[in-house]
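Subject: Structure for you to look at

Hi,

Here is the structure I promised to send over.

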Amino acid sequence: ADNVIIRDPLPRDVPYVAAYMREHDKREIHAVTGLRDPLYLLWLSTTVSTGCWVAAKGEVPFAVFGVAPVDLYTGSPWLLGTDEMFTVPRTLIKAGRAFVQEMMKEYSYLRNYVDARNVHSARWLAHLGFTVHPAQPYGALGLPFHMFEMGIRPTEAIQCARL
């Protein structure tokens with residue numbers, strides 16, 4: 001209905017999304033890394049991720065997302081996009097839930113951080129089923145971020161295996 005497709009990234013997608021990235025995502029990248037240009041981090045994220053996809057309307061990408069390995073059991077889900085994301089909120093929730101389940105097939109635990117100023121993203125993560133924790137200082141600038149998580153922490157999985 002929304003004409004949204006989810007597909008593998010094409011070489012042109014990362015520069016396009018970086019060029020038109022929403023301000024909240026740019027501020028979040030800066031707060032975590034100290035970097036002002038989102039292109040490098042978006043390119044790096046797509047390179048290190050074990051799963052990476054693009055959401056597009058027709059041929060125009062509006063989000064790049066994926067999951068990067070932290071360790072054998074833990075994946076770090078991420079999404080960076082343009083303001084166009086907010087024209088298809090129901091599709092984002094439905095597709096988001098499906099792709100979180102895909103990530104959980106590879107990792108028993110998903111965890112990352114979201115800028116506390118990014119209220120829409122924190123709310124979306126809660127709709128996807130993540131536990132969103134109270135904000136704590138995080139990243140290069142020490143600004144408030146919410147840790148969000150889902151699944152069984154590796155230490156809990158190891159303890160259960162020993163029983």
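Predicted model: local features only at pLDDT ≥ 70, side-chain atom pairs only at ≥ 80, totals over all residues.

Two or more lining residues come from each of β1 (4-7), α2 (23-33), α3, β3 (60-69), β4 (74-81), α4 (89-106), β5 (109-115) and α5 (119-127). The largest share belongs to α4, which gives nine residues. By type, the lining splits into 35 nonpolar, ten polar and five charged residues.

Next, helix α2. Its buried residues are D25, E28, I29, H30 and A31. Among the elements covering them are α3, β4, β5, β7 (136-138) and β8 (143-151). Just past the end of α2, you'll find G34 with a positive phi of about 85 degrees.

In soluble globular proteins, nonpolar side chains tend to be buried together. Here, the largest nonpolar core has 22 residues, and F62, L92, V100, L110, L125 and F130 have the most contacts inside it. At least two residues of this core come from each of β2 (51-57), β3, α4, β5, α5 and β8. Take F130 as an example: leaving out neighbours within four places in sequence, F130 is in contact with P77, V100, L110, L125, F148, E149 and M150. Apart from this core there is another, of 13 residues, including V17, A18, L41 and C52.

Two single residues are worth a click.

T46 sits in helix α3 (residues 38-48). A polar atom of the T46 side chain is 2.7 Å from the backbone oxygen of W43. Not counting residues up to four places away in sequence, T46 also touches V14, C52, V64 and W78.

H133 is in the loop between β6 (131-132) and β7. Is H133 buried or partly exposed? H133 counts as partly exposed, because its relative accessibility is 25% and buried means under 20%. Setting aside residues up to four places away in sequence, H133 touches H146, M147 and E149. The C-alpha atoms of H133 and F148 are 6.1 Å apart, with the two residues 15 places from each other along the chain.

Cheers

Conventions: Residues numbered from 1 in each chain as written. Heavy atoms only, no water. Helix = DSSP H or I, 4+ residues; strand = E, 2+ residues; numbered from the N terminus. Polar contact = N/O pair within 3.5 Å; in protein donor to acceptor, adjacent residues only side chain to side chain. Contact = heavy atoms within 4.5 Å. Nonpolar A, V, L, I, M, F, W, Y, C, P; charged D, E, K, R; others polar. Buried < 20%, exposed > 50% of the residue type's maximum accessible area, 1.4 Å probe, protein only. Core = buried A, V, L, I, M, F, W, Y, C linked by side-chain atoms within 4.5 Å.
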